[in-house]
Amino acid sequence: MSQHSRFKITRRALMIVGAASAASLGLPRLAFGRDGDGGAATSSGAGDKASTAEVAFTVNGTPRRFTADTRLTLLDALREQLQLTGTKKGCDHGQCGACTVMVNGRRVNACLSLAVMHEGDEITTVEGLGTPDNLDPMQAAFIEHDGYQCGYCTPGQICSAKATLEEIGAGVPSHVTADLNAPMKVTPEEIRERMSGNICRCGAYANILDAVQDVAGGNHESLHLRTGGNPATGRHGGGVHGPCPFHRRWHQPAGFDEDRGGNPGPPGGRERPGPGHHREHRRRRPARGRPGAQHRPGRRSRVRRDYGVLSRALVAGASGQLRNKATTGGNLLQRTRCPYFYDTNMPCNKRRPGTGCAALEGFSRQLAIIGGSEHCIATHPSDMAVAMRLLDAEVETVLPNGNTRAIPIADFHRLPGDTPQIDSALIPGEFITAVTLPGPWAASTSTTRCATGRPTPSPWCRWRR
């Protein structure tokens, strides 16, 4: 008999012992406080109060108020605090679109937005679109066309599809829109591009496309589907009630007109003293409870008409959900970075000055050919910044002492040089308040294809009939 035969342990017992051992490691810290000095824990009531805040917004037509950690995302607030689990957590990085909800009529990624940022907003999740006995037209179309398999991404797909049709109806262009100033049309190409922020790992893209086209082409209204019956039969059975939910609203991604005030004469888009300057404001909250007045089509049309290259650059970047949440200042202030910046196991002078640059001897596709240095070859990710450089824009800021200054866009971003950790000309405590565009060029409606390339298209864009 083997001398080890008496030492028998099951896998379950091993896991229990391991978990108990891991839990015991935290006991000294709890018993003796954070510093292990036998004193009380250093956290205080004041500190706890500072990390929480009262949040109040409307979800699916119902006012909701609760206390939340200031770090709580909108996605976790919906799922954990309000028990609305229809919105799914997928990648948690804003890449898959499973968490898509509509905020004040515009689709956003709930995983990338803090709950405290939505004070007073109107939020619509998949639970607010319809009921089992009275499905939303988009929900009914997904059932009829089998626009799902596992169903995990379906809530985000449906919310994004509804918002896509509203954006097209509102005249918001996309990366594949041929004419920025012509009426938008619902085409397969437009749907694919606008839905590219929603990934279906089951590969149901063809059926989802059919469902969206069906709703857009038929302009269906609310439908009654009987529980237990055939959804396809109920869909065409004549149960049509209520107004068409796809009425036109002037929603748009941030950047086409950063004025979202909806007031008769806000400063966004006004002419500054002097000849033909256009002003893009970075921060303005939307008008509460007035979704039809959030965006003024005339001003948005002016940007598309007079600064076509800027509009093209805006719709070339990211997804519709990300653009809806973005700001002009936030776009400009993205970190100049490369994949090694995110990998904490690799040296990066931008992340930790003096450690070296892994990209110099590593993967360097799409990194700097000119303008780099021996310390960093990362490039800035913004398409909008390239267009603003072409337009000779100026970035207006306010300093910590209250003074203001205007920084030419050519001087705003810094080359890496010996200090790659410094990205821009801003000093600590300085804030962007506006971006000023010079008067439009005579041929400003012409467009150009930037040499920065375009990220690998999503499965939506790869698939073709």
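User: Where does Arg304 lie?
Analyst: This is a predicted model. The secondary structure of the protein chain comes to 17 helices and eleven strands. Arg304 belongs to residues 297-306, which form helix 10.

User: Arg304 is buried; which side chain of opposite charge is nearest, and how far away is Asp179?
Analyst: A salt bridge needs a side-chain nitrogen within 4 Å of a carboxyl oxygen. Arg304 has no salt bridge, and the nearest side chain of opposite charge is that of Asp179, at 7.6 Å.

User: Which residue has its backbone oxygen 2.7 Å from a polar atom of the Arg304 side chain?
Analyst: Arg304 is buried without a salt bridge. A polar atom of its side chain does lie 2.7 Å from a backbone oxygen, that of Leu180.

User: With which residue does Asp423 form a salt bridge at 2.5 Å?
Analyst: Asp423 is buried, with a relative accessible area of 14%. The closest N and O atoms of this salt bridge are 2.5 Å apart, and the partner of Asp423 is Arg335.

User: How many residues apart in sequence are the parts that Asp423 and Arg335 tie together?
Analyst: Asp423 and Arg335 form a salt bridge. Asp423 is in the loop between helix 16 and strand 11, and Arg335 is in the loop between helix 13 and helix 14, so the parts they tie together are apart in sequence by 88 residues.

User: Where does Lys350 lie, which also links to Asp423?
Analyst: Asp423 and Lys350 meet in a salt bridge of 2.6 Å, N to O. The pair links distant parts of the chain, 73 residues apart, with Lys350 in the loop between helix 14 and helix 15.

User: What is the phi of Asn60, in the turn between strand 1 and strand 2?
Analyst: Strand 1 (residues 52-59) and strand 2 (residues 62-69) pair in the antiparallel sense over eight bridges. Thr58 stands opposite Pro63 in strand 2. The two strands form a hairpin with two residues between them, and Asn60 in the turn has a positive phi of about 55°.

Technical notes:
Residues are numbered from 1 along each chain as its sequence is written. This is a predicted model: local features need pLDDT of at least 70, side-chain atom pairs count only at pLDDT 80 or more; totals for chains, interfaces and linings use all residues. Side-chain values use heavy atoms; hydrogens and water are left out. Helices (H or I, at least four residues) and strands (E, at least two) are DSSP runs, numbered from the N terminus. Buried means under 20% relative accessible area, exposed over 50%, partly exposed in between (1.4 Å probe, protein chains only). Lys and Arg count as positive and Asp and Glu as negative; His and the chain ends are not counted. A polar contact is a pair of N or O atoms within 3.5 Å; within protein, one must be able to donate a hydrogen and the other to accept it, and residues adjacent in sequence count only if both atoms are side-chain atoms. Two strands pair if DSSP finds at least two bridges between them.
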